[in-house]
Amino acid sequence: MTGRRELLIPKHGGYRNLKSFQIAQLVHDVTVRFCDHYINKFSRTKDQMVQAARSGVQNIAEGSQASGTSKKTELKLTNVACASLEELRLDYEDFLRQRGLPQWNREDPRRRGLIDRRCVTADDVAQWVLEIRETGRHGPGGHYGRCGQSGQSTLSISSTMCTYPEVAANAALILMAVACSLLDRQIIAQAAAFEKEGGFTERLYRTRSQSKKNG
């Protein structure tokens with residue numbers, strides 16, 4: 001009785017089902033909207049933030065697709081995705097610091113609130129931002145910039161990111177933390193799989209050896 005034959009090129013792709021890809025894509029969408037409202041359109045910062053967000057998404061997808069023939073490439077590209085989101089995280093932190101806006105600490109209940117909300121689209125995030133501001137849960141030392149100080153309570157979802165910079169920036173940081181945590185787990189799993197199973201060359205050798213035995 002022979003065991004199940006190892007596939008030379010295993011199943012790969014399927015990145016759209018990865019939670020890390022979904023959250024990274026949401027970060028990208030939120031960042032595009034955030035930059036449109038807050039970052040000078042002629043500045044390098046806007047291009048760099050949008051590109052870093054896009055790089056996070058693209059490298060997860062490319063790594064997943066490449067995994068069929070190269071686990072090493074998959075691991076490398078997943079690392080690049082994580083590094084891109086880390087670069088973007090620093091840009092958001094700089095935004096808050098340079099404007100005297102607080103970055104929420106890890107114990108802030110609003111962080112868990114956004115995570116539990118399981119937002120799918122940038123509009124979902126914007127709706128959460130609006131609800132946080134309107135309920136007055138701004139935390140110690142919280143303030144929202146000149147737009148938010150007007151006391152307006154009726155706003156379109158599309159304008160929400162513009163109105164509440166502190167909440168919007170912290171929301172992006174929370175989503176990035178989730179994405180990076182998921183990517184860290186992927187990297188550990190990918191490294192373990194590569195160490196145990198090897199890459200395409202090792203699979204090719206095993207496949208040929210099995211064919212000779214069966215032949």
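Are Phe34 and Phe95 buried or exposed? In this predicted model, Phe34 is buried and Phe95 is too. The views below start with these two residues and then move on to other side chains.

**View 1. Phe34 and Phe95 meet edge-to-face.** Searching the whole structure turns up 6 aromatic pairs. In the one shown here, the ring centres of Phe34 and Phe95 are 4.9 Å apart and the planes make an angle of 75°, so the arrangement is edge-to-face. Because Phe34 belongs to helix α1 (residues 19-38) and Phe95 to helix α3 (residues 71-98), this pair ties together parts that are 61 residues apart in sequence.

**View 2. Tyr38 also pairs with Phe95.** Here the centres of the two rings lie 5.5 Å apart with planes at 65°, so this pair too is edge-to-face. Distant parts of the chain are linked once again: Tyr38 sits in helix α1 and Phe95 in helix α3, 57 residues apart. Phe95 has a relative accessibility of 4%, and it counts as buried because the cut-off is under 20%. Stepping back, one aromatic cluster is formed by Phe34, Tyr38, Tyr92 and Phe95.

**View 3. Arg110 sits over the ring of Trp104.** Look for the charged end of Arg110, placed 3.7 Å from the centre of the Trp104 ring.

**View 4. Glu74 is a buried residue of helix α3.** The relative accessible area of Glu74 is 11%. Its side chain joins that of Gln190 through a polar contact of 3.4 Å. Leaving aside residues up to four places away in sequence, Glu74 touches Gly63, Ser67 and Gln190.

Technical notes. Residues are numbered from 1 along each chain as its sequence is written. This is a predicted model: local features need pLDDT of at least 70, side-chain atom pairs count only at pLDDT 80 or more; totals for chains, interfaces and linings use all residues. Side-chain values use heavy atoms; hydrogens and water are left out. Rings of Phe, Tyr and Trp (its six-membered ring) pair if their centres lie within 6.5 Å; planes under 30 degrees apart count as stacked, over 60 as edge-to-face and the rest as tilted. Helices (H or I, at least four residues) and strands (E, at least two) are DSSP runs, numbered from the N terminus. Buried means under 20% relative accessible area, exposed over 50%, partly exposed in between (1.4 Å probe, protein chains only). A charge sits over a ring if NZ of Lys or CZ of Arg is within 6 Å of the ring centre and within 35 degrees of the ring normal. A polar contact is a pair of N or O atoms within 3.5 Å; within protein, one must be able to donate a hydrogen and the other to accept it, and residues adjacent in sequence count only if both atoms are side-chain atoms. Contact means heavy atoms within 4.5 Å.
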